[in-house]
Each structure stands twice: as structure tokens, then as C-alpha cells.
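Colleague: I would like to go through this entry feature by feature. Please give the general idea first, then the case at hand.

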Amino acid sequence: MTDPNSLDKKLTEDTSGISKGNKKKQKKDDAWKPEGPRDPIAMLNSLPESKQQEIQRALHLFSLGPSLPKTLQQAKKHTYRFWETQPVPRLGDSIETHGPVVEGEASVRKEPYSLPQGFSWDILDLSSPTVLKELCTLLNENYMEEDDNTIKFDFSLEYLRWALQPPNWLAQWHCGVRVDINNKLVGFIAAVPADVRVYEMEKRMVQVKFLCVHKKLRLKRMTPVLIRELTRRVNQQGLFQAVYTAGIVLPTPLSSCRYWNRSLNLRKLTEVSYPGLRQTMNLQRAVKFNRLPEVTKTPGLRSMTKEDVAGLHSLLKAYFRKFHLSPILSLMEVEHWLLPRDNVIDTYVVEGDDGTLTDVVSFYGASFRVLNHPVHTGLRAAHLLYFASTAADPVELMEDTLVLAKSKGFDIFSALDVMDNKTFLEKLKFSINDTSLHYYLYNWMCPNVSPDKVGLVLPN
Ligand SMILES: CC(C)(COP(=O)(O)OP(=O)(O)OC[C@H]1O[C@@H](n2cnc3c(N)ncnc32)[C@H](O)[C@@H]1OP(=O)(O)O)[C@@H](O)C(=O)NCCC(=O)NCCS
């Protein structure tokens with residue numbers, strides 16, 4: 001791993017740093033040679049940003065970049081140099097037992113893992129607006145696996161505070177890598193505390209999120225160092241398990257789920273060529289087909305308030321029992337994860353005649369910047385977090401949720417096929433997306449879990 005700037009500089013020096021006298025000699029000696037290939041990175045960097053983007057887009061379109069396995073089939077042919085050294089089940093193993101892959105180590109390494117010269121670890125102090133902004137910039141510029149130059153994440157400071165500072169968060173788990181010469185943040189990985197139930201086992205572990213490496217430092221094996229260092233810091237707190245999700249296949253998915261999308265503003269999604277949008281009819285018919293009612297139908301449906309925390313806590317606790325993988329939320333966590341915050345999280349509850357809460361639905365918002373479009377500059381997606389229904393008609397309640405999300409300006413609504421979501425996905429005209437989301441446990445093995453037995457959703 002090397003600083004891209006110094007790498008580029010070195011490459012430029014290597015090709016142009018020859019002294020004048022030598023140059024002459026070389027010219028003479030090499031006169032017979034055809035001009036050799038120029039360094040591709042230096043060439044790319046010398047182009048204007050717009051040209052670089054164009055090339056990136058073309059590479060993406062032709063899938064020339066090396067990519068990690070997206071399917072089990074591809075995964076079987078891939079050599080996991082790093083993951084094979086980690087306490088995770090091997091791909092292809094059929095697991096019938098429950099327990100850690102390795103027992104917690106008696107002594108945890110005291111010194112941080114070393115980074116290559118020129119880079120340093122930094123605990124990101126997210127209470128500093130400047131640091132939070134730096135993280136926001138890193139993610140907004142780089143938190144995209146494939147850059148097709150159409151849309152980019154647009155995380156807000158409030159969203160990152162919500163996602164990274166739940167009750168009992170620890171600063172040392174907000175793990176950054178900076179370049180020494182200019183202090184630029186070029187890598188990040190985070191963990192937040194989470195109590196999770198896996199089958200009958202209840203365990204305090206961490207949720208790992210926001211793994212990100214600057215685009216110019218990709219494929220240089222920074223990820224294994226980030227993961228090892230975060231693991232060490234988590235181990236230091238006496239925790240040895242983690243839960244995380246990824247779109248790629250790693251050893252070994254606990255569950256593999258699919259995204260489903262429901263257009264709320266089809267015209268706009270079509271105009272910005274929203275990735276994965278499937279259109280089988282002409283736009284006018286499709287807009288009509290996707291039309292939603294103007295108002296909600298479920299009696300007693302209203303926005304969640306702080307007074308609902310205890311009621312929701314009981315409702316969710318009972319609801320989560322039926323899954324093999326679910327969160328165990330404290331009262332403080334229910335408040336943190338569900339209480340509405342503008343442009344971050346929305347939660348609606350249904351209150352019965354006797355005042356008890358019978359249903360809940362929540363969704364979090366992801367914003368995107370639309371690039372290179374003459375009209376549209378932004379796009380908002382709502383992601384279903386929790387949906388627990390005991391009294392209302394689930395399809396009606398979810399349709400109401402779509403109505404509410406649309407009225408709040410969201411352009412698309414997405415949901416995973418986890419929990420009981422399959423009861424409404426097709427009925428409400430969600431269409432299945434090409435991308436999967438795989439769930440993983442670090443240092444824990446247990447039998448595979450089908451999507452409808454997954455009761456845990458991990459916002460980015
Ligand atoms: C994900 C990302 C950090 C990987 O960086 P990279 O430069 O491609 O990979 P590196 O050379 O640093 O490391 C490669 C190793 O990391 C592993 N890896 C890659 N992506 C991973 C992920 N999302 N989770 C866990 N491990 C991952 C690879 O499998 C490989 O290990 P292996 O030899 O065992 O197969 C980078 O592509 C990125 O920032 N992407 C945008 C954000 C993103 O998609 N984050 C992940 C969200 S789950």
C-alpha cells in the first residue's frame with residue numbers, strides 16, 4: 001500500500017527524472033526502439049477529471065475491472081488469501097453445530113497492526129464537525145463499489161451520527177487511516193455495539209459497517225489491515241463476534257437475501273437511468289401501473305413519538321422471537337434507531353383503541369447525488385428497516401408506508417426479502433433487484449438461515 005500521490009510522483013520521477021546528459025545518451029541508445037508504453041496511472045492522472053470519469057465509466061460498462069465473487073459459483077473459484085486466515089466457516093461446509101470458530105484469545109495483541117510507511121491510524125472523533133465532514137467526504141466520494149458515473153452516495157452528517165453513534169458507541173471503533181504528509185483520510189472501518197440473537201444464543205457483539213478505501217488505493221490489500229485492526233480493538237473490549245453484510249460472496253454467508261425495489265417516482269428514476277430499473281412497459285403505462293393512493297387507510301396510523309419507546313420495545317421483542325437472527329434492543333436503542341429524525345429515520349406506529357401499539361413500520365433514508373444530468377441533481381431512496389404487524393392488514397400497512405414515503409419526497413422504496421416482507425413485496429409491485437445482500441458472522445458458526453428467518457437489518 002503506497003500513497004497514491006507519492007506513487008504517482010515516483011512513477012513520474014522514474015520516467016522523467018533522468019539527468020540531461022543521461023537523457024541524451026539514452027536517446028541515442030534507444031533511438032532504434034519504438035516509444036515504450038507510458039505509465040498508465042500517470043497518464044490517467046494527467047487527464048482532466050471529466051475524462052477520467054468517462055474512462056472509469058467505460059471500464060465499468062465493459063466490466064474490465066477485477067471484481068470479487070458475486071455468486072457462490074464464482075466464489076468457489078476465488079482464492080481468499082485473507083479470509084482463509086480468519087475464523088469464519090469455509091465455503092461449502094455444511095454446518096450443523098453452533099459455537100465460536102475459535103475460542104476468545106487469552107491475550108489480545110497490544111500494538112496496532114502496522115501500516116506501510118507514510119500512513120497512520122487515526123481514531124476519528126465524530127463529535128468534531130470537521131472530522132465528521134471529512135468522513136462524509138471520504139464516503140461520498142468513495143463508498144461505491146462500482147463507479148458508473150451516474151449516481152453517488154450523499155450521506156449527511158446527521159445520517160452518519162445516527163449510524164455510527166448508537167448507545168455505548170466507542171470512539172476507538174471509528175477507525176481511520178490517514179496519509180501522513182497531508183493528513184488526508186483515505187480509509188475507514190467502523191464497529192458499533194450490538195446485542196444479537198442467533199438461534200438460541202444471545203450475544204454481545206459488534207456490527208461492522210462503512211468499510212471504505214479511497215478509490216486510488218484500491219486493490220492494495222488495505223482492507224485486510226483495516227479488518228485486522230478493528231478486530232483487535234473489538235477483542236480488547238472482550239468481544240469476539242461480529243455481524244456484517246456485503247454484496248459480495250465471502251466465506252461464508254449465513255444468509256443470502258435479495259433487494260426488492262418499488263418505484264415512487266418512476267418518471268424521475270427513468271430519466272436518471274436508475275441502476276437496475278426494469279421496465280417492461282412504456283413509461284406512461286408504467287407510471288399508471290405504479291400509481292399509489294393519495295391518502296393512507298390504516299386506522300390509528302401515526303408517527304412515532306418518544307412516549308412510544310416502551311410500547312415499541314415490547315412489540316419488537318415479541319416479534320423478533322420468531323427469527324433465527326435478530327437484534328436484542330434496549331429501550332435506549334429503540335429510541336436511537338427508531339425515533340424519527342428529519343431525513344434520517346421515519347417510524348410509524350398503529351395505536352389500538354385501548355392505546356396499545358399493535359404495528360410498527362420504519363424506514364431510513366439514503367440520499368444520492370445525480371451526476372451529469374441536465375435536470376436532476378439528487379435522488380432519495382427509502383430503505384425498509386423494521387416492519388412488525390400484529391393487527392393491521394400487512395399489505396395495507398405497507399401500502400400506506402409507500403404513500404407516506406412518497407409524500408416525504410422519496411423517489412424509490414427498497415426492502416430486503418427478510419422477515420415477513422414476502423407477504424407484500426409482489427402484491428405492492430416491488431420488483432426484484434439483481435443484487436444480493438449476504439449476511440455474515442465473524443467467529444461464529446451455525447446452520448444457514450433462510451431470508452424469512454432473518455430479523456435483522458443493518459443500515460449502512
Ligand atoms: C470494499 C473495499 C474496501 C475493498 O477494497 P479493495 O481495495 O478492493 O480490496 P483490498 O485489496 O484492500 O483487499 C482485498 C481483500 O479484502 C476483501 N474484501 C473486499 N471487499 C470486502 C468487503 N466488503 N468485506 C469484507 N472483505 C472484503 C477481499 O475479499 C480480499 O480478501 P481475500 O484475498 O481474502 O479475497 C473497496 O472496494 C471500497 O471501499 N468499496 C466501496 C465501499 C464498499 O463497497 N464497502 C463495503 C460495504 S460491505
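Colleague: How do the residues of the shell around the ligand divide into nonpolar, polar and charged?

Modeller: First, this is a predicted model: local features need pLDDT of at least 70, side-chain atom pairs count only at pLDDT 80 or more, and totals for chains, interfaces and linings use all residues. Residues are numbered from 1 along each chain as its sequence is written. Ala, Val, Leu, Ile, Met, Phe, Trp, Tyr, Cys and Pro count as nonpolar, Asp, Glu, Lys and Arg as charged, and the others, Gly among them, as polar. Here the shell has 15 nonpolar, two polar and five charged residues.

Colleague: Which residues are the closest to the ligand?

Modeller: A residue is near a molecule if its C-beta atom, placed from the backbone, lies within 6 Å of it. Of the 22 residues that surround the ligand, the closest are Tyr 80, Arg 81, Phe 82, Arg 218 and Thr 223. Strand S5 (201–213) and helix H8 (222–235) each supply at least two residues of this shell; helices (H or I, at least four residues) and strands (E, at least two) are DSSP runs, numbered from the N terminus.

Colleague: Why does His 376 count as partly exposed?

Modeller: A residue is buried if 20 or more other C-beta atoms, placed from the backbone, lie within 10 Å of its own, exposed if 12 or fewer, and partly exposed in between. His 376 counts as partly exposed because it has 15 C-beta neighbours inside 10 Å. His 376 sits in the loop between S11 and S12, and its C-alpha atom is 8.4 Å from that of Glu 271, 105 residues apart along the chain.
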